[in-house]
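These are my notebook entries on one model. I set down what I looked up, element by element.

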Amino acid sequence: MANLGFIGLGVMGGQMVDRFLSKGHTVIGFNRTQSKAEWLIQRGMIWAGSPREVAEAADVVFAMVTNAAASQSIAEGPDGLLAGLSPRKVFVDLSTLSPSVSRELAAKVRETGADMIDAPVSGSVITLQQGNLSVMVGGRPETFERVKELLLDIGPKVTYVGGNGLALAIKIATNLSLAVQMLAFSEGVLLAEKSGIDREVAVDVLVHSAIASPMIKYRGPFVLEQPGEAWFDVNMMQKDMLLALELGRQLDVPLPTTAVTNEFLTAARGMRWEKQDFAVIFDVLAQMSGVSTAEVSAGASK
């Protein structure tokens with residue numbers, strides 16, 4: 001069993017720690033808000049007072065944070081994880097950042113004698129709980145081999161894609177399609193509904209049709225009722241869409257459907273639905289179509 005550290009105990013990070021604990025690993029964890037980690041402490045996780053304490057105590061340190069600013073906040077300074085790393089330790093960054101930011105962090109990690117891989121994941125909380133999460137890995141192949149079995153504890157599909165930053169490139173490429181698919185699905189549902197077909201029937205037909213990707217199967221029902229807690233909210237999805245658009249500009253790859261879908265996420269924020277799951281872009285389009293979205297409006301006012 002391994003001696004692991006974990007920084008960032010949000011919805012996904014917390015569930016990952018729970019899986020590691022269930023596999024018998026020792027986990028020392030840190031989160032900016034300790035109250036969110038109480039359930040993990042009750043499960044046996046050891047609480048640390050700072051990212052540095054996590055890095056000093058663990059052989060392999062995982063982190064899952066929101067964005068580049070959060071990544072910098074846990075890495076830098078006297079209490080940051082960089083200050084606690086030492087030779088032979090491995091830092092596994094599960095966060096979705098721009099490839100360039102991740103490469104810069106990897107260089108700083110290597111200055112300590114440790115090594116880093118970027119290992120973003122594809123899937124939702126439900127996917128993780130069901131044991132179906134997939135992991136993409138970028139970094140040195142020998143470091144990947146050292147931590148591969150730990151990554152398999154998170155999900156059954158672990159793919160090495162190349163050097164540092166490349167896993168993030170494929171993760172961004174994956175996530176842009178999630179929102180684009182959701183908008184296309186919404187168009188189909190609303191076209192059927194305004195033709196006279198009940199929304200429930202339209203959703204049932206489409207999620208059992210040739211267009212039903214795993215994402216559509218999971219999120220298609222959200223056009224009927226949003227989940228009580230967002231799996232992946234509008235702000236988080238738009239962060240990834242902006243990363244995609246930035247990368248597209250750098251690489252001279254036009255991303256027209258990404259750009260259009262991103263505007264629907266902006267509209268959702270304007271409607272104060274930023275904390276809703278990104279499937280709420282259906283409700284944006286529905287309002288533009290003159291179709292009622294009373295349930296989501298009520299949820300947004302809570």
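In which hand does H9 pass H12? I found a left-handed crossing of H9 over H12; a crossing is left-handed if the near helix is turned anticlockwise from the far one by less than a right angle, and right-handed if clockwise.

Entry 1, basis. The model is predicted: local features need pLDDT of at least 70 and side-chain atom pairs count only at pLDDT 80 or more, while totals for chains, interfaces and linings use all residues. Residues are numbered from 1 along each chain as its sequence is written, and side-chain values use heavy atoms, with hydrogens and water left out.

I looked up helix H9 (residues 166–194) and helix H12 (residues 234–251), which pack at an angle of about 120° with their axes 9 Å apart. That angle makes H9 oblique to H12 (under 35 degrees is roughly parallel, over 145 roughly antiparallel, 65 to 115 roughly perpendicular, the rest oblique). Axes are lines fitted to C-alpha atoms, for helices over the stretch in contact, and angles run from 0 to 180 degrees between N-to-C directions. On the H9 side I noted Ala169, Ile172 and Asn175 among the contacting residues, and on the H12 side Met237, Asp240 and Met241 among them; contact means heavy atoms within 4.5 Å. Helices (H or I, at least four residues) and strands (E, at least two) are DSSP runs, numbered from the N terminus.

I located Asn262 in helix H13 (residues 256–270). Its relative accessibility is 6%, so Asn262 counts as buried (buried is under 20% relative accessible area, exposed over 50%, partly exposed in between; 1.4 Å probe, protein chains only). Beyond four places in sequence, Asn262 is in contact with Gln238, Met241, Leu242 and Leu245.

Entry 4, strand S1. In strand S1 (residues 3–7), 4 of 5 residues are buried. S1 runs parallel to strand S2 (residues 26–30), joined by 5 bridges; two strands pair if DSSP finds at least two bridges between them. S1 also pairs in the parallel sense with strand S4 (residues 60–63) over 4 bridges. Gly5 has Ile28 as its bridge partner in S2 and stands opposite Val61 in S4.

I placed Ile154 in helix H8 (residues 141–154); at 1% relative accessibility, Ile154 counts as buried. Apart from residues up to four places away, Ile154 touches residues including Met16, Phe20, Phe62 and Leu128.
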